[in-house]
Every structure is written in structure tokens, then in C-alpha cells.
Amino acid sequence: TVSIVEAGVSEVNAFEWSSQLRYVQEESDIRCKMISASLPYGYEYLGVQGRLVVTPLTDRCYRTLMSALQLDLGGAPEGPAGTGKTETTKDMGCTLGKYVVVTNCSDQMDYRIMGNILKGLAQSGCWGCFDEFNRLLPDQLSEISQQIQLIQFALKARQPQVELLGVTVKVDSNAGIFVTMNPAGKGYGGRSKLPDNLKALFRAIAMSAPDNELIAEVMMYSEGFTHAKELGSKLVAVFKLSAQLLSPQQHYDWGLRSLKTVLRVAGQLVYAEKKKVGGKAIPRAAEESAVIKALRINTLSKLTYSDTEAFNALIGDVFPGASVQDITYDEIEAAIRAVLAKEGLQPLELQVKKMLQFYEATQQRMGVVIVGPSGSGKTVICQVLRQALQSLGRRIPTYTMNPKAMPREQLLGKMDHDTREWADGVLTASSRKVVKEDADVRSWIMCDGDIDPEWIESLNSVLDDNHLLTMPSGERIQFGPNVNFIFETHDLKFASPATVTRMGMIFLSEESTEVECIVQSWLPPPPPPPPAPQ
């Protein structure tokens, strides 16, 4: 709206107006129009869903996708992790009243599995979004391109049916096919370039860096902040300066996903402060304090020992004179100290902070990585926090496995290529159990060992906002907010940026423990003093 007013638009044919997505009633139908594209509204009931912040990058993506659909082609957003490729496709489907089916592709999926999914999309009229599409094997992509080409040809010719895998199926004219991809190479393992005959079926969209300042400002206004513009720009400045000034580490992420987590926590803190004063507006200092608390609880957990001091100084420079405090969990901290005393462990303050940071990470992220060398206390942090929460009356069933101790088929399941029968793996069997638990039961699926792109990339749609495990059999497991995937590993040198950006990080180093604590825990307690003579 601001851009239209600033451009002084006064004609219906002006580009600034025609490039806006708008709804137009034509006779008894609602049409969605954008530039030269005109598509029917889908009338799909999707419930009350959150919407994306509209940025110039979102507008460009919308324009390209709408033009592709007008020509009965597909859309292919491509770019680095955390730029909103899948979410933009889903949000556009919500805008047009279409149901979007997200599928996380893996190299276990062949042309027959993909053909079954495409048959369902063609008949139902849903949109299909194939995430990490270039993880499919190159020898399967050519056959899959033939199937997609048959569907698109039927849509262009307005044919009522099409033959796929030897079966004739109906074609709904509302069907759409989209693929999202990370760039091949550049640290993203297991990805290949698409063949030319497949590229011709999709309109490519380069998803570059999103407008973080605009996103932060709008999200903070929606969370109830009054001084969102100023605080949002300062928060983004902290992320930019941290990426430039702190040491480069494999597990650091200063992108949009980390920013959204901080904004979400800050919104919860502001809501709690407003509730104390009866819903009235709170002063700027209180809002600033909430932002700093959220920033510290979500960032200090992943910083190295040397970077922690630099980050604290950075906060002091960006937020001069602000009170620097941490979020407190008095009840949980008391339970943690009681468990430490019961187990005969020393209450090291840094480890207690890491446990509280780990608890906060499990509340905000589905996937949490505890990374650090052997003997730094990774397993003890999980065990002590679990016992502390159980002492407060919470149920936490845990399923522990070592993914590198077994073949991938045994971990994630296997499809028999002859009989087409599916056999569950260790992780998929545990997933079926946790989704059956009550909503007040928080389940932990713990993966202890190296993180390898060979198997962790299959969990990408689980660890992002979709919370969805798609198996090569076509079955889908939808997780609720009461499930956490926890990974213990000594480093993340083999993990791709697509994995790192989806995780909450708890970093432990040799400075996290003290030799004196180990000695004090293993030494027998001193004998009691002898009774005083009477």
C-alpha cells in the first residue's frame, strides 16, 4: 500500500497496481489476479494459519510462481538454507485457497514412489511441494521428469485424464507441482544438478538473502511491541555484527531461523509483562530488556568461551545503558540442584546454566544439538534435566539410538523394490510411538553419535516448521510440539547449513568442566569429627 501511494498510482493498468495479488469476483467465481495471471480461488479450508511477512523477495517469488501457474508450469525456488523457499510456496497456497502437500525427497525414493505421489496430486487438485528435490538420484530424475511432463501437458490441453505408471487417472485443473532446492555443492552434500529436460518444466526463482529488518519489525509489531522499528533494527544489527566479528564456527547460524526464534521468545516475555499490568503498554526499557533476555538465552548456549565475552560486549554497544538479565527458571533450577546433590555431582554453575539453556532450546526448537568433546558432560546434562523435570511431575519417555551403528535402511526403514512392502526402521518405529503420546507428555528421541548428511538430511522437514516426517513409502508422520529430537555429537564438520540452521545449539567445551569437580565427586566424604569429650 505504501509503495502504491508513493508511486502516485492513479490508473488500473499501472504496473504498481497490477503487480499486487488481488481478489476479483467474476460472475459467481472468485479469481486471484497478479499481472497477467488469473487463477481460480481454491476454497480449501486451511484453518487459522500464520502468514509470512511480505517483503520485496516474497513479491518477486509470488509473481514468478503465478506466471508459471498461468502457463501450466511448475515453480522452482532455489537458494541457501533459511531463505523461505518452502514457506513462501505454502503461504502462496494458503493465499489462493489451495492445500499444499510437502514431501521431503531423499535418494531412497525412486520413480515409482514419486509416480504414486504425482497420481494423487493430479487427481485431488492439491499442490505438491517437493523439498530438497535435487537429493533424488540423477538416474531417477529423468523418469520423474517424464511423469511431470505428462501431467503438465494434460493441464495445458485441458485433458480430463492422463496415464501414469500404466494407470489412467483423472486430472484436476487446479493441480500444481513445485520443487525447492539448495544449491548443488557449496557445502550441501548429496545434491545433484537437475537435467535440462527437467529444468524446462519449472520457472526458476533465486531466493537470496531475505529482508531481515522488515521481517523483524513486522513480527515484533504482531507480538505486541510498541517500539518494534527501533528494537528490530538493533536486533538485526547484533546478528550482522556477530557474523562479522565472532569466530567462524561450523555450528554458528546468524540467519532468519535463529532470528525468528529470538523474536518468538521476546514476544512471549512481552506478553507475560503486559499480563502483569493488566494488558497495558509497557515502557521501552521493559521491551528492550525482553529482547536482550531472548537474545542471550538463545545465543550464549552456542558460543565458544572466547566469543561469549565479545558477544556480551557487543550487546552493551548496541543496547547502551540497558539492563542485562537472563531468563530465570527458579523451580527447574532448584530441581536440578536437588538431582545433582542426589547423584553426588558437583553443582558447577556453568553446567547448570547449560541445562537451563538446553531446557529453553527444547521449548523453542524441535531439534537440539549438544556438541562438545568427549567428557564435557553432554549425556549428564540430558540425564540431570530429565530427572529434574520428572521430579516436577512431568513424563519424559526417551528413545536412544546411535544412527552410525547401523545401516541407514535399519535406521529410517526400507522399501522392498520387488514386493513394494515397507519395513520400519529404528527411528521411524520410535516416531510412531511418540505421536501416540498425550499432549502433556514430552518425548525425547535421542541420537547419540556422528551427524552425517546421509541420514540427517531425511529429517529436514521434521526439524523445520513443518514437523513432518515423510517416508519413501508415501506415509507421513505429523509431530506435535511435544516431541524433541536431541543429538549428541563431538562436532558438526559433516553437517550441511540446511541442518545447522534448523537446530538449537548447546556448545560444550573443555572449559565447561573442571578437574576439581571430578576429584571431589570421586573422593570419599571426610569422616565426621569425633564427639567432643564430656
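Mentor: Let us begin with burial: a residue is buried under 20% relative accessible area, exposed over 50% and partly exposed in between, with a 1.4 Å probe and protein chains only. This is a predicted model, in which local features need pLDDT of at least 70, side-chain atom pairs count only at pLDDT 80 or more, and totals for chains, interfaces and linings use all residues. Residues are numbered from 1 along each chain as its sequence is written, and side-chain values use heavy atoms, with hydrogens and water left out.

Trainee: Which residues of H5 are buried?

Mentor: In H5, they are Ile113, Met114, Gly115, Ile117, Leu118, Lys119, Leu121 and Ala122. Across the protein, 51% of the 534 residues count as buried.

Trainee: Why is lysine 436 called exposed?

Mentor: Its relative accessible area is 71%, so lysine 436 is exposed. Lysine 436 sits in the loop between H17 and S15.

Trainee: Why do isoleucine 35 and arginine 420 count as partly exposed?

Mentor: Isoleucine 35 has 35% relative accessibility and therefore counts as partly exposed. Arginine 420, with a relative accessible area of 27%, is partly exposed. Isoleucine 35 is in the loop between S2 and strand S3 (37-40), and arginine 420 is in the loop between strand S13 (414-415) and strand S14 (422-423).

Trainee: What is the phi of each of these two residues?

Mentor: Most residues other than glycine have a negative phi. Phi is positive in isoleucine 35, near 55°, and in arginine 420, near 60°.

Trainee: How do you know that S11 and S19 pair?

Mentor: Two strands pair if DSSP finds at least two bridges between them. Strand S11 (residues 367-371) and S19 have 5 bridges, in the parallel sense, and valine 368 stands opposite glycine 504 in S19. Strand S1 (residues 22-26) and strand S2 (residues 29-34) also have 5 bridges, but in the antiparallel sense. The hairpin of S1 and S2 has 2 residues between the strands, and glutamate 27 takes a positive phi near 55° there.

Trainee: What is the order of the open sheet, and which strands stand at its edges?

Mentor: The order is S12-S15-S18-S11-S19, with parallel pairing. Strand S12 (398-401) and strand S19 (503-507) each have a single partner strand, so one side of each has no neighbour in the sheet.

Trainee: What makes H15 a helix that lies across this sheet?

Mentor: Contact means heavy atoms within 4.5 Å. Helix H15 (residues 378-391) lies across S11, S12, strand S15 (443-448) and strand S18 (483-489), at about 150° to S18. Such angles run from 0 to 180 degrees between N-to-C directions, and axes are lines fitted to C-alpha atoms, for helices over the stretch in contact.

Trainee: How do you know that the radius of gyration agrees with a compact globule?

Mentor: The radius is taken over C-alpha atoms, and the globule rule is 2.2 Å times the number of residues to the power 0.38. For 534 residues the rule gives a value near 24 Å, and the protein has 26 Å, which agrees.

Note on methods: Helices (H or I, at least four residues) and strands (E, at least two) are DSSP runs, numbered from the N terminus.
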